[in-house]
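Work through the exercises below with the sequence and the model open. Try each task before reading its solution.

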Amino acid sequence: MKSKSIRCRTSDSRYDFGRQRPLVSGTNLRMDPTPNILLDTDMLTDCDDAAALASLHALADRGEARILGVAVNGIDTHGLHGAVVSAINYYYGRPNIPVAMTPRSPGQTPSKPSSYSPAIFAEYPHDGLRDAERPDAIDLYRRLLEESEDRSVTIASIGFLSNLADLLCDEAGQELVARKVRAITIMGGNYPEGNEYNFECEGSGPTTRAALASWPSTIPITYIGFELGTKINTGRCYLAAPDSPMRRSYELAYDSINRSRPSWDQIAVLHAVRGLVHGGRQWFRPVHGRNQIADSGRNTWIPNSEEPDAYLELAAPAEDLSTVIEELMVAPPLMQPI
Ligand SMILES: [Ca+2]
């Protein structure tokens with residue numbers, strides 16, 4: 001892993017727990033109905049990231065979303081988890097989606113060996129880059145946001161919040177987000193209170209708190225919690241599906257192709273693209289309030305109907321949502337795989 005200096009020390013005491021989120025003025029909402037998605041993924045130990053990216057491609061194939069780029073957080077000790085993102089992009093015929101890597105080093109963000117990145121790097125087409133050769137995720141965030149229309153970008157965060165903490169660590173980053181971002185869906189936390197991997201893994205608590213405390217208050221945050229994802233088990237759909245990087249990840253991570261796996265990250269992508277209601281049905285119910293994050297990363301929800309932030313409860317039968325997600329996970333690519 002190349003060594004780069006991170007721009008801000010997000011564990012600084014200036015990110016006090018009680019700090020007000022910055023009130024940075026935004027601009028008028030542009031009502032383009034098709035969300036422009038920037039995905040922030042760890043693509044590391046679990047396979048739901050692979051299925052979430054696949055679902056995002058399937059939604060793009062249906063004209064429901066555009067994929068601006070993928071920022072990768074966390075560190076794969078094999079140095080290959082960016083190549084998994086690239087391999088999935090190649091599978092869906094979109095090889096030019098930019099894939100950028102956290103500038104953090106081990107010790108500054110969770111660092112683990114991916115259970116599936118070596119196999120996917122060896123067995124499937126991709127851009128050939130190792131993680132150390134990829135561009136900086138914070139630079140990618142800034143470039144994509146600056147190039148976008150005001151209030152036109154939706155972020156789906158399905159891993160650690162290190163990239164967001166680094167992006168938001170100064171007023172320029174906060175102003176850029178306030179001006180360009182329409183909404184964010186974050187898979188993280190456990191509701192109404194508890195512990196969850198993305199928020200607390202390997203001492204991530206201060207980073208999680210810094211990212212959420214620095215997020216502009218004019219842009220609502222929607223949280224997908226651990227407890228929601230565990231209700232929606234998917235993955236056995238790949239048993240009858242053709243070979244693909246996603247199918248391979250479900251074979252290699254927790255034997256998920258036979259045992260299935262919770263759908264934390266797919267739910268976050270689905271909500272980022274489709275919102276609460278789709279196809280005439282309400283799938284999710286928001287519980288408004290605000291998140292409190294302890295040093296450990298443990299979160300506590302303070303309910304308040306006046307707050308813009310919310311976590312989601314399931315508003316439809318779990319098996320129906322599992323079916324919707326599995327249809328997206330195995331939808332054949334619209335374009336020719338590369
Ligand atoms: Ca993830």
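**Exercise 1.** Find the backbone feature just after H12, then decide how far helix H12 is enclosed by the rest of the structure.

*Solution.* Start at Gly275. This residue sits just after H12 and takes a positive phi of about 75 degrees. Helices here are DSSP runs of H or I with at least four residues, strands are runs of E with at least two, and both are numbered from the N terminus. The model is predicted: local features need pLDDT of at least 70, side-chain atom pairs count only at pLDDT 80 or more, and totals for chains, interfaces and linings use all residues. Residues are numbered from 1 along each chain as its sequence is written.

Next, take burial. A residue is buried if 20 or more other C-beta atoms, placed from the backbone, lie within 10 Å of its own; 12 or fewer makes it exposed, and in between it is partly exposed. In H12 (residues 264–274), 10 of the 11 residues are buried, so the helix is largely enclosed by the rest of the structure. Among them are Trp264, Asp265 and His271.

**Exercise 2.** Which elements do the buried residues of H8 pack against?

*Solution.* First, count. Eight of the 10 residues of H8 (residues 205–214) are buried. They include Arg209, Leu212 and Ser214. Then list the partners: helices H5 (162–167), H6 (171–180) and H7 (197–200), and strand S14 (284–293). Contact requires C-beta atoms, placed from the backbone, within 7 Å.

**Exercise 3.** Describe how H1 packs with H2 and with H10.

*Solution.* Take H2 to begin with. H1 (residues 48–61) and H2 (residues 81–91) pack at about 30 degrees, with axes 10 Å apart. Axes are lines fitted to C-alpha atoms, for helices over the stretch in contact; angles run from 0 to 180 degrees between N-to-C directions. Ala50, Leu53 and Ala54 of H1 touch Val84, Val85 and Ile88 of H2.

Now H10 (residues 245–252). Its angle with H1 is about 160 degrees, and the axes are 9 Å apart. That makes the two helices roughly antiparallel (over 145 degrees; under 35 is roughly parallel, 65 to 115 roughly perpendicular, the rest oblique). Ala50, Ala51 and Ala54 of H1 meet Pro245, Met246 and Ser249 of H10.

**Exercise 4.** How many helices and strands does the chain have, and what share of its residues is buried?

*Solution.* Count the elements: 13 helices and 16 strands. Then take burial: 54% of the 338 residues count as buried.

Note on methods:
Two residues are in contact if their C-beta atoms, placed from the backbone, lie within 7 Å.
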